[in-house]
Amino acid sequence: MIIKGLILSSFGKFKGKKLVLDEGLNVVYGENEAGKTTIHKFIEGMFFGFFKPYSKRRTYTEEYNKYFPMDQNEYYGILKYKYNEKTYRIERNFTKENSDLKVFDDETGEDLTHMFEYDSVSRLHNPASIHMNLNRIVFKNTISVGQLDSKTDKELVKEVKDSLINLGGSLDEDISVKKVLEKLEKQINDIGTEKRVKTSPYGKIADEIAILENEKRSALLTLNEIDKFLDELSIIKIDMESNINKKNELKEELKKLGREERYRNYIDIKKLLQEIDELERETSLLSKYNEISTEDYTEIIKLNSSIESLKERRESLVNKERALQKEINLLNGRFGELSEKAIDNNIKLDLYTYEEIERELKDLKENNKTTDLTNYKEELKCVEIEKKKLKGLKIASLVILVAVLALGIINWKISMIGILFILLTIYCFKKEKELDLKAANTNRCIMDIETKEKEVNTRIENAESEMTSILRKYNTSSKIDLKMKIDEYDNDYELRYKYNEVKKQKEELKVEIAEINDIYEGTEENRDYILGKNKLKDIQEFKDALEKRNEYKNLITILDSKMLILKNMKENKDINELEKEFRNFDIEETSINKITLREKEDINKEISILEEDIEEKKDKSARLEEKIKNLQQSARNILYIEEDINKKENEKQKYEEELTALNLAKDTINKVSVNIQRDFSPKLNNIVSNILSSITNDKYKDVKIDENLNIKVVDTNDKLVSIENLSGGTIEQIYLSIRLGINDVINGDEKLPLILDDSFIQYDETRLTNILNFLYRESQTRQIIIFTCQKREKEVIDRLKIKHSFIEI
């Protein structure tokens, strides 16, 4: 088998990374953290996924999360390998949500997935199941050597034994001797012994059988007690049955006595039925009046009363209308003369206007302020005179002041007199301002009065003109003439008003008469509708129908009462049944007279005594039955107990047979295991010794490995030395030899690729040269893939001129 190529589409730190590998020796170089271990884990993951081994459900290892691409939704890769000249292509989706695996023929594209074993736990096919014939544990501990991890895992012992059994006995490779023995021992322990009552099925069965035997003895005692109670119960039931028969005989006597009573009742029922038939006939004749409505009768009475009232009202209004028409005819003659006089209806309003203007004119004349105007003019003249006097005083004062000031230059005492004239001059100026202000106010008042007088005069002229116009309108010369005109108009207006009022009253009467006629007709229609609805002609017939309706109701009440009596008398029996019962009944021929010699009360009393005794026995019987029931419930049926004992005895026998078979199988497998160890241990020791001799330059030629993989070597002095006493480099060489040896034992001639990840860190130059020489020889028959972070492997290989493929990440 040869791994040809890797495509890390999305895995760990790689995205679309491709590697091509050759058939022989391949050296993959990369510095620390370059991703060598990631590529190593990719190969492992492509074949086995990242599922925990020996798990009953799909569970992922920590490596799943460790190599999940950062910031990527995909977790995917492709691996191509060659087997027997045919190239296979494995495509795996690692994501939990879309976990999938496909295997194709790389040349034709044919899907070959179905050829590989299906794993029900991971729910995927296993691409390593056919051509590798390894599981993940053996892969990691043989052909795949991880970084600083040359030593085998603890699980390796179990995996090696599985493979050795497969080689020696042609058994299924999933069989594990240790696992089978452990399982057999577990099954033996699970079955247990009689002493382990609580922790083993066998002990429990033995204990349950003992318990059932005790239950059987207790059930037998209970059955004896039940038989005793059953005998007592039988005696009570016989007595109770006798009393029940006596009670039934007495009740039969009462039944016969009651038959005569029912016959009398039958006669009464027949008589009552005849009365009911007569009542039903009478009510049938009167039933047509049942629908007559008392509410309609009340309503029609009201309507008839309204019609009479409306008649009287209408006649009264017609008479009033005739009287008003006569009055209108009388006024018509006089109204013809009035119509020739055209009198303005606004004359009174004009008189009122005339008088208002007259009053206004009087007020205007009385309030005329001519006197005030004269006074203001006189006052203005006085102010002007005073101003002239003040002006002369002011000029004289100024002249004197100038003279005094001039003399004051000569004599300052004279200048003191000038102060008086200064004050006088200031007074004159101030007084002059006051007089100017007073003159201005007076002029303003004079102008206002003159303006108002002008307005008053204008209004007086207008008012006089309006008054003259009103008088001319009615061809009068004074207010007295105008009032005389109004008196004439008032007399005519009164006559006109009366005529119009009478005419208006007549029209209102006509409207009211028309409304009353409408109401009258509507009321008659309602009355006729109600009579028609009840199929009657007039109110008297309605009244008679109501009386018959009341008669019908009374008869129905009587009929219902008799029907109720009949129902009670029939005692839920049909009349036909009663007639059938008493068809040939002759009261004289029955033995009722003999039966009635006994008092009915005595019979009932005796029945009551018997019933009390029966109830007492029933209670006693029920208590006994309850006891029997409780005893039956407290103890199972003896047949069921014996059946359970037999069943448990069979189970116990089955466990004993299983224990015999399991112990036999255990002894047999132990013997087979010893034989396998004897047959294959020498072969493994021989292969490992040859490999170790080759890589140590014959320093260690003989290796001894026992069944638990405890390792010892024979040194140059032919002494057995435990590997714990050897150097680290030598231990690494030994474990590598064991891995290769186990792989050869397991797979025989099938040469699988050997993958080494920084496995030679503890090797010195000599050991490294020896191991690389050995690996080169191995590469002639199998593919070797070396991952390294050091260039010395490359340097040694080049120095040895070994053919190889060098890949730098």
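This is a predicted model: local features need pLDDT of at least 70, side-chain atom pairs count only at pLDDT 80 or more; totals for chains, interfaces and linings use all residues.
**Exercise 1. The surroundings of H18**

*Task.* Which residues of H18 are buried, and which side-chain oxygen reaches towards the backbone nitrogen of Thr766 at its start?

*Solution.* 
1. Buried means under 20% relative accessible area.
2. The buried residues of H18 are Arg767, Leu768, Thr769, Asn770, Ile771, Leu772, Phe774, Leu775 and Glu778.
3. At the start of the helix, the oxygen belongs to the side chain of Asp764 and comes within 3.2 Å of the backbone nitrogen of Thr766.

**Exercise 2. Gln783**

*Task.* Where is Gln783 found, is it buried or exposed, and which residues does it touch?

*Solution.* 
1. Gln783 sits in the loop that runs between H18 and strand S14 (784–788).
2. Its relative accessible area is 1%, so Gln783 is buried.
3. Leaving out residues up to four places away in sequence, Gln783 touches residues including Met1, Ile2, Ile3, Leu21, Asp22 and Glu23, as well as Leu752, Pro753 and Leu754.
4. A polar atom of the Gln783 side chain lies 2.7 Å from the backbone oxygen of Asp22.

**Exercise 3. The second largest pocket**

*Task.* What volume does the second largest pocket have, and how many residues line it?

*Solution.* 
1. The volume is about 460 Å³.
2. The lining has 21 residues, and those nearest the pocket centre are Ile2, Glu23, Thr781, Arg782 and Gln783.
3. Sorted by class, the lining holds five nonpolar, eight polar and eight charged residues.

**Exercise 4. Glu512**

*Task.* In which helix is Glu512 found, and what separates its C-alpha atom from that of Arg314?

*Solution.* 
1. Glu512 is in helix H11, residues 479–533.
2. With a relative accessibility of 28%, Glu512 counts as partly exposed.
3. Glu512 and Arg314 are 198 residues apart along the chain, while their C-alpha atoms are separated by 8.7 Å.
4. Apart from neighbours within four places in sequence, Glu512 is in contact with Arg313 and Leu317.

**Exercise 5. The whole protein**

*Task.* How many helices and strands does the protein have, and what share of its residues is buried?

*Solution.* 
1. There are 19 helices and 15 strands.
2. Of the 809 residues, 38% are buried.
3. Among contacts between residues at least 6 apart in sequence, 73% join residues at least 24 apart.

Notes: Residues are numbered from 1 along each chain as its sequence is written. Side-chain values use heavy atoms; hydrogens and water are left out. Buried means under 20% relative accessible area, exposed over 50%, partly exposed in between (1.4 Å probe, protein chains only). Helices (H or I, at least four residues) and strands (E, at least two) are DSSP runs, numbered from the N terminus. A polar contact is a pair of N or O atoms within 3.5 Å; within protein, one must be able to donate a hydrogen and the other to accept it, and residues adjacent in sequence count only if both atoms are side-chain atoms. On a 1 Å grid over the protein atoms alone, a cavity is a set of points where a 1.4 Å probe fits but cannot get out, and a pocket is an open set with protein on both sides within 12 Å along at least five of seven lines; lining residues have an atom within 4 Å of a point. Grid points are joined across faces, edges and corners, and a volume is the space filled by probe spheres set on the points. Ala, Val, Leu, Ile, Met, Phe, Trp, Tyr, Cys and Pro count as nonpolar, Asp, Glu, Lys and Arg as charged, and the others, Gly among them, as polar. Contact means heavy atoms within 4.5 Å.
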